[in-house]
Amino acid sequence: MEAVHLRVHTPHSHLFGASSIEDLVEAARRGGVRALAMTDRNGLYSPFEFQDACECAGIQPLFGAHLRGQTLIARDEEGYRNLCFLISAHHLQPQEPLERLLREHGGGVTCLGPETAVVPVAYHTPGRRGLHRILRAVDQGRVVHQAQIEAGPLLSASTLRRRFPAAERRRAWRIAESCTLRLERRPPIFPRPPLPPGETAASVLFRLATEGVRRRYRPVPPEAMRRLLQEIEVIHEMGFDAYFLIVHEIVEFARRQQIAVVGRGSAANSIVAYVLGITNVDPIRYELLFERFLNRSRGQDPPDIDLDIDWRRRDEILEHVYETYGRERVAMICTFQTLRFRSAFREVAKAFGLSPDEVNRVSRRLPRSIPIDPDNDPELRGLPLHREPYPTILRAAKALVHFPRHLSIHSGGIVVADRDLTDYLPLQRTAKGLVVTQFDMHGVERTGLLKIDLLGHRSLAVVQDASRWAGIDLLDIPEEEPKAAELLRTGRTLGVFQIESPGMRTLLKKMRGTNQEDAMIGLSLIRPGPSGTGMKDAYVRRKRGEEQCDIPCLEALLPRTFGVLLYQEDVMRAAAQLAGLTLERADEIRRSLKHEAPADDIRRSFDPTESQEDTDAVLRSIAHEFMTGAQRKGMQPDQAQLLWSYIQNFVAFAYSKAHAATYGRISYQALYLKAHHPAAFLAAVLANGGGYYDSRTYVEEARRLGVHILLPDINRSAPAETVEEGALRIGLDRVRDLRAVTLEAILEHRPFLGLTDFLKRVSEAQRREVEHLVLTGCFDAFDGTRPEKLWRVLLHERAAAGRRSPDLFGERNLLPPERTLPAIREYTREKAIEFEQELLGLCPTAHPLTLYRRETDHPNQITAEALGRFVGRRVWIVGWVVTTRRIRTRKGEPMKFVTLEDETGMVEITFPAAAYRRCGHLLHGGGPLSVRGRVQDHLGAVILEGEDAELLEPER
């Protein structure tokens, strides 16, 4: 009779389980426990992860859930299906009694009784009791000392023997013995796509593809037809015809509804996807490899065909999928919303009774990740982190990092089944009422169900809106054009999809890029692979003629990138052409090095039951295979070794060229629109909430480009930003505290003849809302100053109150007519800017630096635009903090990058470790700074190496 635990709570018992799956399983192994039942509260969230850990430790995994006070365990496949149904019914049909559900769907399910040796487990060791108490306090909304604890630690076999009678332990072991369920990885399961009578998926795919190739290519080159037939053969042989048709049908629906959609990722490697209209990048034109997307060595793993969709209309696509395949067979995929360090700190601090103001004051200055160093971190200077309860709070917060907090919705993933989803996995509702799977994307993949990413994409909407306002057809945009080239070469890419971050703009200046392919190369070079291996700077030096490629044959293979391995496809091409491997084998090696799902012959190297020595041996074997092949093709041993080292270090972080080509195309379209139609482009960025920076930054960029910025107007503004006679009009939904119901009423009742007319007809508007509308200029088109209009709002409110109730003498309040309103001077320009900054979050009238002291004691103060003329000199610069990023140097010391902006442009500032220690406490917030530093030129990009900083105070 072996020891078992039949009620174990992992961290997926949200705010209950206080130990990781790995810690629980390891404690069971050490304690001689032979079986564990994962019975999380109200769900079955990560059974595959639990099964893998248990099997690695030689422990039998059991699968269950704790529902409405009862612990249920699945014995077999029937029990698993019923458990999934019961969990789903608990969430989706909460009014149904569990007893009735068990009578109808209890087959194969064991419901634990009181005569069984069961102890609720929430953590792996008694030392975690305090963390469990904190989690319960957070869940119960109490302070720690008031929290109710309902579980204990995992007990060893010897402790279980002492605690429970033999009969109860025997019953527990018999339950474990009766459970034969093992969750297998299933082959792909595709629903049946809509098909014409008498046709199969294969016949329809062949017909659509051959029709499509004639539309895409005129005339059709032999290479295109040859490749199309080869791809169709592989797709059919691997059983993925239906998959392509399902995605194609979704894309066709979007096109019929005029919804912008584009396939992204490795799907662009496929000419079949291209001719079906799923992707927009010609794989022949860009030399994209089908084998990167799909090849026979992948086994039954389906490829990913992900779709980017105009974010405003994604719900229409989702609704179409629900209607086509049935609501019982379609659900959103969940993601586990986990605690980050700051959020964990906030939760724990509240449980320890700290006030919201104190929690906010401290948390906003904490780093986003751990470890933290209160003694040496300059941004933590002055915080009481050495005084209790802070040390205890920080320790608990560190322990809770990555713990799941609740379910959220995956950014784009949906799952579509051939029958009811509850036959495969459990479902529940999110806080917003949407039905989601309890498995995340990795769990869904192991069920074999079809997963499609339908991602809302703001930049698609940006280029659609901007091109419509500008009267431009996106298909007419060339791949190289002088004005767009100038923006690219100088890094003036704010608002441009994928190529606007500080690091990206710096790289573009170094690259001296001019065309669409340079945009594509840039967004790939910034990735960790090329950047971390030094290939980013190598590319720049080689393009500038300052360095030669150290592997000549690689430069001959990759002339466009000067021999730099930039894409995953480059690795495959190098393995095939320089080492004599097949493209299929090259893709196997790429996936094995990236720790993706490797092919069967190298899968064992990533099996958790294998030792590190076994893994290393397999990798050495792959390296030997590669270098032997390279030498057989004529490469010198030292060159082969060097090439392999590049590949091994690079491939784990490499970018798909197909993905880069798709996004590079969108980036260049956005760049062209910015170059030729800046008002339309930046209005579209603001209207769609796109971009890397906050909205204020894009307003200032528009102003620098000569675009006139118009305040919101009650009669002319749309909810979001628009273009009005070449100017950028701020939208009404920027006005702080303006409710949706009031905005709808404004749009319904306008035009208005004046403020009084507005007050009479928009009864939904509250006084605070109207005041904010007045103070942000929405009524400036009508007579009177803003202070006078505020008086009018007040009088209107008093009059309305008087009409509703008599005064103490039974008579209604008498108010003077509007003509007797006092004449009040308009606000100063500075005061108006303050209101804009506060109530709009941006300043249409002028740059917010207008509010601050511009004259300093520093004679060598310069503007951002002039920075390049002062290389090698020490200067002061005044600007607004746009964004910051903190990293650690190779020595482990913290340093910080700050982007500063003034009316003329932007400056990238580096604060090395010493300077950061000195003035880092000034850099944790936004707002204006004066910074001293030395101007430096690095490969054509001018930056400021910060030495000191001062906070600016507003003028009074």
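Let's begin with how residues are sorted here: Ala, Val, Leu, Ile, Met, Phe, Trp, Tyr, Cys and Pro count as nonpolar, Asp, Glu, Lys and Arg as charged, and the others, Gly among them, as polar. By that sorting, the lining of the second largest pocket has 12 nonpolar, 14 polar and 9 charged residues.

Before going on, keep in mind that this is a predicted model, where local features need pLDDT of at least 70, side-chain atom pairs count only at pLDDT 80 or more, and totals for chains, interfaces and linings use all residues. Residues are numbered from 1 along each chain as its sequence is written, and side-chain values use heavy atoms, with hydrogens and water left out.

Now, back to the empty spaces. Rolling a probe the size of a water molecule over the atoms shows where empty space is left. The search works on a 1 Å grid over the protein atoms alone: a cavity is a set of points where a 1.4 Å probe fits but cannot get out, a pocket is an open set with protein on both sides within 12 Å along at least five of seven lines, and lining residues have an atom within 4 Å of a point. Grid points are joined across faces, edges and corners, and a volume is the space filled by probe spheres set on the points.

The second largest pocket comes out at about 1,000 Å³. Its lining is made of 35 residues, with G503, K510, K536, R885 and F897 nearest the centre. Among the elements that give two or more residues to that lining are helix 20 (502–511), helix 23 (535–543), strand 19 (874–888) and strand 20 (894–902). Helices (H or I, at least four residues) and strands (E, at least two) are DSSP runs, numbered from the N terminus.

What about closed spaces? The whole structure holds 1 cavity of 30 Å³ or more.

Next, a look at two helices. The expected span of a helix is 1.5 Å times one less than its number of residues. At its N-terminal end sits a cap: a side-chain oxygen of D76 lies 3.3 Å from the backbone nitrogen of E78. Several residues of helix 3 are buried, including G79, Y80, L83 and I87; buried means under 20% relative accessible area, exposed over 50%, and partly exposed in between (1.4 Å probe, protein chains only). The buried residues of helix 3 pack against partners that include strand 3 (60–67), strand 4 (70–74) and helix 4 (98–105).

Helix 10 (residues 241–256) also has 16 residues, and reaches 23 Å from its first C-alpha to its last, close to the expected 22 Å. Since 13 of those 16 residues are buried, helix 10 is largely enclosed by the rest of the structure. After helix 10 comes Q258, which has a positive phi of about 60 degrees although it is not a glycine. Q258 is exposed, with a relative accessible area of 71%.

L15 also has a positive phi of about 60 degrees without being a glycine. This residue lies in the loop between strand 1 (3–8) and helix 1 (21–30), but L15 is buried, at 7% relative accessible area.

Some loops carry cis peptide bonds. One joins R218 and P219, with omega about -5 degrees, and P219 is in the loop between helix 8 (201–216) and helix 9 (222–237). Another joins E388 and P389, with omega about 10 degrees; P389 is found in the loop between helix 15 (356–363) and helix 16 (390–400).

S46, between strand 2 (33–38) and helix 2 (47–57), counts as buried at 9% relative accessibility. The side chains of S46 and H12 are joined by a polar contact of 3.0 Å; such a contact is a pair of N or O atoms within 3.5 Å, where, within protein, one must be able to donate a hydrogen and the other to accept it, and residues adjacent in sequence count only if both atoms are side-chain atoms. R419 is partly exposed, with a relative accessible area of 36%, and its side chain makes a polar contact of 2.9 Å with the side chain of Y424.

Key:
Contact means heavy atoms within 4.5 Å.
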